[in-house]
Amino acid sequence: MSELNRTGTAGSCSPLEGEPNRSDDLVGGHKPILQNFARALRKEQTPWEQKLWSHLKRRNLGGYKFRRQQIIGNYIADFFNAEKRLIVELDGSQHQENLKDTKRDGALENGGYHVLRIWNNDIDQNIDGVLTKILETLKDTPHRNAKAHFDSPSRGELAENGPTIILTNDKHT
């Protein structure tokens, strides 16, 4: 999973329950630099990402839809299933006992996501076992609800304190 630090202002909040202001530095709620980085990662996949993607794309694995290099908060997930909020991360030796990964996983778990880490050598040596593990995780994972800091009320996701109720003065007679 890739991470970029935020630079510049994130824009002010609109009056609609913390929705970001769609100012020039945000595109679709994400900074353009993060979107460009995710796009570059999709174009320059590692051999292990290419191999796994060939099994995940087009709902090839149990009918589950995956996205690759998906922006989630300040992070870019290698593979993401929105239905079950499952993030699949491929890791090489540089990720062994990595404190940044532990912190990132904690933030994502607190955001209502489940992170499954898979070693690159498992992709090479046991792709069938990897696919079985992903499918079992998907089947064992209930639909997950988002937590507050990754929610988007405009998409119908609920904040940690529940839905926002808007009262009107309309009277039905």
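Leu56 is buried, with a relative accessibility of 0%. This residue belongs to helix H2 of what is a predicted model. Beyond residues up to four places away in sequence, Leu56 touches Leu61, Tyr64, Phe66 and Phe79.

Ile118 has contacts with Val88, Glu89, Leu90, Asp91, Ile123, Val130 and Ile134 when its neighbours within four places in sequence are left aside.

Two aromatic pairs were found in a search of the whole structure. In the stacked pair, formed by Trp53 and Phe79, the ring centres are 5.9 Å apart and the planes lie at 15°. Because Trp53 lies in helix H2 and Phe79 in strand E3 (residues 75-81), this pair ties together parts that are 26 residues apart in sequence. Both Trp53 and Phe79 are buried. The pair of Phe80 and Tyr113 is tilted, since the centres of the rings are 5.8 Å apart and the planes are at 55°. Here, too, distant parts of the chain are linked: Phe80 is in strand E3 and Tyr113 in the loop between helix H3 (99-110) and E5, 33 residues apart. Phe80 is buried, at a relative accessible area of 5%, and Tyr113 counts as buried at 6% relative accessibility. The ring of Tyr113 also has the charged end of Arg85 over it, 4.0 Å from the ring centre.

Arg85 takes a positive phi near 55° in the hairpin of E3 and E4, where four residues lie between the strands. E3 and E4 run antiparallel and are joined by three bridges; Asn81 has Leu86 of E4 as its bridge partner. On the other hand, E4 pairs with E5 in the parallel sense, over six bridges, and Leu86 has His114 of E5 as its bridge partner. Strand E4 is largely enclosed by the rest of the structure, because six of its six residues are buried. In a regular strand, side chains alternate between the two faces of the sheet. In E4, Leu86, Val88 and Leu90 point one way, whereas Ile87, Glu89 and Asp91 point the other way, and all are buried.

The mean pLDDT of the protein chain is 76, and 63% of the residues score at least 70. Helix H2 has the highest confidence, at 98, and strand E1 (residues 2-3) the lowest, at a mean of 50. Over residues 146-154 the pLDDT stays under 50, and the model has 28 contacts beyond four places in sequence for this stretch. Residues 157-173 likewise have a pLDDT below 50, with ten contacts in the model beyond near neighbours in sequence. Where pLDDT is low, predicted coordinates should not be read in detail.

Notes
Residues are numbered from 1 along each chain as its sequence is written. This is a predicted model: local features need pLDDT of at least 70, side-chain atom pairs count only at pLDDT 80 or more; totals for chains, interfaces and linings use all residues. Side-chain values use heavy atoms; hydrogens and water are left out. Contact means heavy atoms within 4.5 Å. Helices (H or I, at least four residues) and strands (E, at least two) are DSSP runs, numbered from the N terminus. Buried means under 20% relative accessible area, exposed over 50%, partly exposed in between (1.4 Å probe, protein chains only). Rings of Phe, Tyr and Trp (its six-membered ring) pair if their centres lie within 6.5 Å; planes under 30 degrees apart count as stacked, over 60 as edge-to-face and the rest as tilted. A charge sits over a ring if NZ of Lys or CZ of Arg is within 6 Å of the ring centre and within 35 degrees of the ring normal. pLDDT is the predictor's confidence in each residue, from 0 to 100. Two strands pair if DSSP finds at least two bridges between them.
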